[in-house]
Amino acid sequence: MGNILGDIRAVRERDPSAGNILTVILTHPGLHAVIAHRIASQLKRWGIPFIPHLISYASRGETGVYIHPSAQIGKRFFIDTGTGVVIGETAMVGDDVSVFQGVNLGGSGREKTKRHPTIGDRVVLAPGAKILGNITVGDDVYVAANSVVVKDVAPGNIAVGIPARLFKKEAKRFPLDHFHIPDPVSLQIDDMKKEIEKMRRVLETSGLKAQLSLLDDEQPSAVDEKRTE
């Protein structure tokens, strides 16, 4: 019961459209999916057959969220607009995690061992993010929208792209803003442009640029060589 109360508080804190507590309890599909999973997971731990899977199946039809009864979900779990969320059998999710529509914690292969991701505390999985295989996403990580993560992510990083590239974020807690995420490829290109500009300035100040231009002028072109032949 304590986990469910924490889940309700998480919705009210993280969803700006949540409204009053009665509205959250009665009309929030992400919360309904989490509550259904809490019940199914407990029944599964008690060794009750069939019923936990039936609850998960019914919850998927009602909310658009599928969480396997064996998946381990931490405290204050928040699913916002949960349509298309899939959390696999051996997935492990920490505390204070936020998940948005289209997120997939998927498996790799058909092994019966651990084949789904482990997600740390205070992680944000933006819309469409895919975390695949038996990998670990550390605490305070932000996975940007539509990114595909197939390797471990160290704590405090942002993962962006397909496959996801990593860079360190400055704030410990990342705001729920999915639109102003830096692109690591663009940042690298900008750094290269700056280095090229520095080299150009050095060449200009040292006079090497003029010498190189003279050398280029002295070299016969391919057309000149043909004419000579």
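Predicted model: local features only at pLDDT ≥ 70, side-chain atom pairs only at ≥ 80, totals over all residues.
1. In soluble globular proteins, nonpolar side chains tend to be buried together. Here the largest nonpolar core comprises 28 residues, and Phe77, Ile87, Leu105 and Ile131 have the most contacts inside it. A separate core of 16 residues includes Ile4, Val24, Leu31 and Phe100.

2. Surroundings of isoleucine 131. Leaving aside residues up to four places away in sequence, isoleucine 131 touches Asn104, Leu105, Gly106, Pro117, Ile119, Leu125, Val137 and Val149. Among these contacts, Leu105 is also listed with isoleucine 131 for having the most contacts inside the largest core.

3. Parallel sheet. Five strands form an open sheet with parallel pairing, in the order S1-S4-S7-S10-S13. Its edges are strand S1 (66-67) and strand S13 (148-149), each of which pairs on one side only. S1 is joined to strand S4 (residues 86-87) by 2 bridges in the parallel sense. Isoleucine 67 has isoleucine 87 of S4 as its bridge partner; Ile87 is also among the residues with the most contacts inside the largest core.

4. Antiparallel hairpin. Strands S14 (residues 157-160) and S15 (residues 165-168) pair in the antiparallel sense over 4 bridges. Isoleucine 158 is bridged to phenylalanine 167 in S15. The hairpin has 4 residues between its strands, and glycine 161 adopts a positive phi near 105°.

Technical notes: Residues numbered from 1 in each chain as written. Heavy atoms only, no water. Pairing = 2+ DSSP bridges. Core = buried A, V, L, I, M, F, W, Y, C linked by side-chain atoms within 4.5 Å. Buried < 20%, exposed > 50% of the residue type's maximum accessible area, 1.4 Å probe, protein only. Contact = heavy atoms within 4.5 Å.
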